[in-house]
Amino acid sequence: MAMHVAIITAPYDRLILEGKKTIECRLTKQARPPFGCIKPGERIFIKRSGGPFVAEAVADRVWIADQMTAKGIANLREQFDAQIHGDAGYWRSHRACRYATLIWLRDVRPSSHRPLYKPQNMRAWYTLDDEPVTLDDRGAAFDITLTAGSLRQHQVRLATVMNHFDRRHIGGATKRSIGTPLTLRLFGGATIETDIVGDKKMFRWRGWKPWFEQCGLSAGDRLRFTPRGGSIYDVRPVRSE
């Protein structure tokens, strides 16, 4: 399932976050994204033009049309402007557009997550591959390669990726010296809380075996950790080639 980056000018980003703008409307003279590129259920990362990422949303419903006319644009304004919140200048500047995409938004929430993508001048929409790497204050997603020993001992060792975690999450070998918990959201599985045993460079949690088996993991496969803000990481398997 694809994901998307929508570049949005002020004040529309604020109206989306306030729940007033519930339809994102894209009108173009050529068949440019998101026309024909987005489906219901796909996630949208919202970036303020010239500024930061401010929100995430999910496409609830998508409507597209080509061969639009000035009359058709006027009809869209009359029918949907209470949800689009376009000003007079917006509708006037787009009355010659032929392609229309309306995206009903749901599950809107503030977010500073920013997918890895290559910005291009004047481009206002990007469609990304499935599960793009996203960034937060701790940096990019990272992979840990599973060894035969890790699978046999039901451990995830962090020797090569310790720099991705804040020191406050690192504790000692005993339960009297425990770091601040990390939240790991396992793909297709449970959400767990654990810390890092610093001297062993491994997660303290030892319940990996059922999840390893559920995912059918083998030596050489990887676990991809994607920061989701704060101390939360999504964890998903990546097959070795």
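Mentor: On a 1 Å grid over the protein atoms alone, a pocket is an open set of points with protein on both sides within 12 Å along at least five of seven lines; a cavity is a set where a 1.4 Å probe fits but cannot get out, and lining residues have an atom within 4 Å of a point. This is a predicted model, in which local features need pLDDT of at least 70 and side-chain atom pairs pLDDT 80 or more, while totals for chains, interfaces and linings use all residues. Residues are numbered from 1 along each chain as its sequence is written, and side-chain values use heavy atoms, without hydrogens and water.

Trainee: Which element gives the largest share of the lining of the largest pocket?
Mentor: Strands are DSSP runs of E of at least two residues, and helices runs of H or I of at least four, numbered from the N terminus. Two elements give two or more residues to this lining, strand 1 (3-8) and strand 2 (23-28). The largest share is 5 residues, and it comes from strand 2.

Trainee: By class, how many charged residues does the lining of the largest pocket have?
Mentor: Ala, Val, Leu, Ile, Met, Phe, Trp, Tyr, Cys and Pro count as nonpolar, Asp, Glu, Lys and Arg as charged, and the others, Gly among them, as polar. The lining has 12 nonpolar and 6 polar residues, and the number of charged ones is 6.

Trainee: Which elements give two or more residues to the lining of the largest cavity?
Mentor: The cavity is lined by Ala6, Ile8, Ile16, Glu24, Ile44, Ile46, Leu105 and Trp125. By class that is 7 nonpolar, no polar and 1 charged residue. The elements giving two or more of the lining residues are strand 1 and strand 3 (43-48).

Trainee: In strand 4, what is the bridge partner of Lys47?
Mentor: Two strands pair if DSSP finds at least two bridges between them. Strand 3 and strand 4 (53-65) run antiparallel and are joined by 5 bridges. They form a hairpin with 4 residues between them, and Gly50 in the turn has a positive phi of about 75°. Lys47 has as its bridge partner Phe53.

Trainee: In strand 5, what is the bridge partner of Trp63?
Mentor: Strand 4 also pairs with strand 5 (99-110), in the antiparallel sense over 9 bridges. Within strand 5, the residue bridged to Trp63 is Leu102.

Trainee: Which are the edge strands of the open sheet of 5 strands?
Mentor: The sheet has the order 9-15-16-11-12, with mixed pairing. Strand 9 is joined to strand 15 (222-227) by 4 antiparallel bridges, with Phe142 and Phe225 as bridge partners. The edge strands, each pairing on one side only, are strand 9 (142-145) and strand 12 (191-194).

Trainee: Which residue takes a positive phi in the hairpin of strand 15 and strand 16?
Mentor: These strands pair in the antiparallel sense over 6 bridges, and Thr226 is bridged to Asp234. Strand 16 (232-238) pairs in the parallel sense with strand 11 (182-186) over 4 bridges, where Leu184 stands opposite Tyr233. The hairpin has 4 residues between its strands, and the positive phi, near 100°, belongs to Gly229.

Trainee: Why is one side of strand 10 and of strand 14 left without a neighbour in the sheet?
Mentor: The open sheet of 3 strands has the order 10-13-14, with mixed pairing. Strand 10 is joined to strand 13 (196-197) by 2 bridges and runs parallel to it; Gly171 has Val197 as its bridge partner. Strand 10 (170-171) and strand 14 stand at the edges, so each has a single partner strand.

Trainee: With which residue does the side chain of Arg204 make a polar contact of 2.6 Å?
Mentor: Arg204 lies in the loop between strand 14 (202-203) and helix 5 (208-215). Beyond its neighbours within four places in sequence, its contacts (heavy atoms within 4.5 Å) include Gly171, Ser177, Thr194 and Val197. A polar contact is a pair of N or O atoms within 3.5 Å; within protein, one must be able to donate a hydrogen and the other to accept it, and residues adjacent in sequence count only through side-chain atoms on both sides. The 2.6 Å contact joins the side chain of Arg204 to that of Asp195.
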